[in-house]
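Hello,

Here is the structure you are taking over. Please look through it first, then read the notes below.

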Amino acid sequence: MEVGTWAVVASAVAAYMAWFWRMSRGLRGPRVWPVLGSLPGLVQHAEDMHEWIAGNLRRAGGTYQTCIFAVPGVARRGGLVTVTCDPRNLEHVLKARFDNYPKGPFWHGVFRDLLGDGIFNSDGDTWLAQRKTAALEFTTRTLRTAMSRWVSRSIHGRLLPILADAAKGKAQVDLQDLLLRLTFDNICGLAFGKDPETLAQGLPENEFASAFDRATEATLNRFIFPECLWRCKKWLGLGMETTLTSSMAHVDQYLAAVIKKRKLELAAGNGKCDTAATHDDLLSRFMRKGSYSDESLQHVALNFILAGRDTSSVALSWFFWLVSTHPAVERKIVRELCSVLAASRGAHDPALWLAEPFTFEELDRLVYLKAALSETLRLYPSVPEDSKHVVADDYLPDGTFVPAGSSVTYSIYSAGRMKAVWGEDCLEFRPERWLSADGTKFEQHDSYKFVAFNAGPRVCLGKDLAYLQMKNIAGSVLLRHRLTVAPGHRVEQKMSLTLFMKDGLRMEVRPRDLAPVLDEPCGLDAGAAATAAAASATAPCA
């Protein structure tokens with residue numbers, strides 16, 4: 001190479017390093033490398049990503065900026081990521097300047113094949129129209145009744161018999177898998193009125209469920225690669241893109257048949273008073289509300305399945321793990337269950353407590369259980385990180401400048417683990433932080449401190465239904481069984497958009513003896529407590 005060429009190369013390198021030094025000096029996050037940006041750190045911490053982000057945010061005071069690719073023209077725009085868990089910034093992004101922070105083209109492109117323009121993958125008027133329709137339905141008591149019917153049937157007809165058999169045979173169960181199957185059956189029933197029966201005896205494989213799982217996994221795989229690479233693989237039909245295409249073909253075929261049949265049923269039942277009661281699922285409700293194309297209706301169903309399956313089951317997995325490792329919390333939950341059921345069904349015969357599913361009124365009175373579930377979601381939110389696209393230049397309330405074209409990642413996982421927000425005991429599992437001073441009322445925290453259900457205009461419509469489902473499942477199981485982590489099983493986080501446990505949750509199941517709980521003061525008088533304790537010794541595990 002000639003001297004002149006060497007001089008040009010040296011000048012270019014010097015100019016780049018000068019630019020890189022100025023650019024990286026303004027970033028307060030993890031180390032940024034020339035050209036590669038923060039990618040080495042992301043790769044190094046792939047197995048503990050959420051804890052790594054939380055540690056970075058603690059050191060930076062709640063907000064930091066980094067760049068994915070340290071290349072001029074990209075690093076300060078598309079390559080720049082602002083990471084925050086500051087409640088002021090979250091309120092700004094999720095509410096005050098909502099229109100400036102949509103999901104954006106990258107997110108929409110990744111999920112387009114799976115979710116189309118559904119409510120969880122759209123912005124603007126498309127999102128707003130679906131949001132208005134869904135909001136009307138989620139406030140109706142009939143939808144709450146439908147959810148309760150599906151959940152109670154799955155609990156008492158499937159989950160509890162499986163756990164009872166495991167307790168009898170002293171076998172271990174993968175509770176995370178059972179909960180995923182249960183919530184999938186429930187959300188399919190609620191979304192389009194059809195039960196895939198994945199939690200049936202023998203835990204059978206279901207073609208629709210398997211295709212949906214493969215399609216979801218292939219979609220999430222796109223986050224690993226640059227957009228240009230996965231789009232190229234899609235065009236060439238390579239790798240996971242082939243899996244996505246074939247899986248979505250099966251999903252589309254299944255839902256197309258469901259939609260065709262439902263339209264015929266609604267048309268045949270038009271004018272009959274029992275039609276709405278028979279078809280009380282979300283798909284039927286959307287059909288009655290407006291003129292949606294078959295493709296749009298498929299997207300409606302798929303969006304609600306994706307949102308409703310993983311979130312509740314993952315939250316419950318972490319809940320059962322936390323409760324099994326905090327016996328004092330478990331005793332308080334069981335004591336509350338006993339107290340509520342004694343008041344509504346009588347203290348003389350605990351067999352009556354197990355004979356029927358919980359009523360709405362009983363579930364509403366489970367204040368400490370709701371506190372324990374909320375505390376679980378604070379520490380282990382089902383969706384640990386989320387991101388938004390920046391439309392126009394803006395300043396966050398803490399003074400951070402965010403340029404147009406960049407992205408803002410808000411760490412929901414970190415938001416629940418900051419001492420400045422939750423106090424010195426922020427890493428402790430303490431449900432009492434959600435209760436009033438006398439312990440009788442649930443007290444909701446600010447929605448920008450506790451972001452597990454999102455906040456602002458996109459706040460989760462199914463929040464109340466999610467609590468209803470989780471309380472029903474958790475209460476039904478803990479009233480009948482004691483769960484402990486199987487010896488040798490390690491509980492670790494899986495790096496995914498949803499906070500799964502890496503190797504599931506293997507647990508040992510034992511029958512619950514209510515006598516020790518009933519002997520404690522729990523709102524029963526002494527005579528009633530003694531009678532209930534004696535009766536519980538022979539009460540069947542219904």
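**Overall shape**

With 542 residues, a compact globule would have a radius of gyration near 24 Å; the protein has 26 Å, which agrees. That radius is taken over C-alpha atoms, and the globule rule is 2.2 Å times the number of residues to the power 0.38. This is a predicted model: local features need pLDDT of at least 70, side-chain atom pairs count only at pLDDT 80 or more, and totals for chains, interfaces and linings use all residues. Residues are numbered from 1 along each chain as its sequence is written, and side-chain values use heavy atoms, with hydrogens and water left out.

The C-alpha trace spans about 95 × 60 × 45 Å along its principal axes. The protein has 23 helices and nine strands. These are DSSP runs, numbered from the N terminus: helices are H or I with at least four residues, strands are E with at least two.

Of the 542 residues, 53% count as buried. Buried means under 20% relative accessible area, exposed means over 50%, and partly exposed lies in between (1.4 Å probe, protein chains only). Accessible areas come from the Shrake-Rupley method with a 1.4 Å probe; for residues, only the protein chains shown count as cover.

Now the contacts (heavy atoms within 4.5 Å). Take those between residues at least 6 apart in sequence: 72% of them join residues at least 24 apart.

R458 sits in the loop between helix 20 (419-422) and helix 21 (463-480). Its relative accessible area is 10%, so R458 is buried. Which residues does R458 touch, not counting those up to four places away in sequence? They are F98, K103, I119, S122, D123, W127, R131 and K388. R131 is 327 residues from R458 along the chain, yet their C-alpha atoms are separated by 8.6 Å.

**Salt bridges**

Side chains of opposite charge can pair when their charged atoms come close. A search of the whole structure finds 32 salt bridges. The criterion is a side-chain nitrogen of Lys or Arg within 4 Å of a carboxyl oxygen of Asp or Glu.

R144 forms a salt bridge with D364, and the closest N and O atoms are 3.2 Å apart. This pair links distant parts of the chain: R144 is in helix 7, D364 is in helix 17 (residues 360-364), and they are 220 residues apart. R144 is partly exposed, at 22% relative accessible area. D364 is partly exposed too, at 47%.

E330 and R512 also meet in a salt bridge, at 2.6 Å from N to O. Again the pair links distant parts of the chain, 182 residues apart: E330 is in helix 15 (residues 327-345), and R512 is in the loop between strand 9 (506-511) and helix 22 (515-519). Are E330 and R512 buried or exposed? Both are buried.

K419 and E424 form another salt bridge, at 3.7 Å from N to O. Salt bridges that share partners join E375, R378, D425, R430 and R433 into one network.

**Cysteines**

How many disulfides does a search of the whole structure find? It finds zero. A disulfide here is a pair of cysteine sulfur atoms within 2.5 Å. For C85, the closest cysteine sulfur is in C426, 10 Å away, so it is too far for a bond. C85 is buried, with a relative accessible area of 3%. For C460, the closest cysteine sulfur is in C188, at 17 Å, again too far for a bond. C460 counts as partly exposed, at 34% relative accessibility.

**Surface and backbone**

W33, V35, L36, F69 and V71 make a nonpolar surface patch of about 420 Å². Patches are made of residues with over 30% relative accessible area and no salt bridge; like charges are joined within 9 Å, and nonpolar side chains (Val, Leu, Ile, Met, Phe, Trp, Tyr) within 5 Å. V71 is in the loop between strand 1 (63-67) and strand 2 (80-84). It counts as partly exposed, at 34% relative accessibility.

K170 is not a glycine, but has a positive phi of about 50 degrees. K170 is in the loop between helix 7 (141-169) and strand 3 (172-174), and is exposed at 77% relative accessibility. E197, also not a glycine, has a positive phi of about 60 degrees. E197 lies in the loop between helix 8 (175-192) and helix 9 (207-221).

Best wishes
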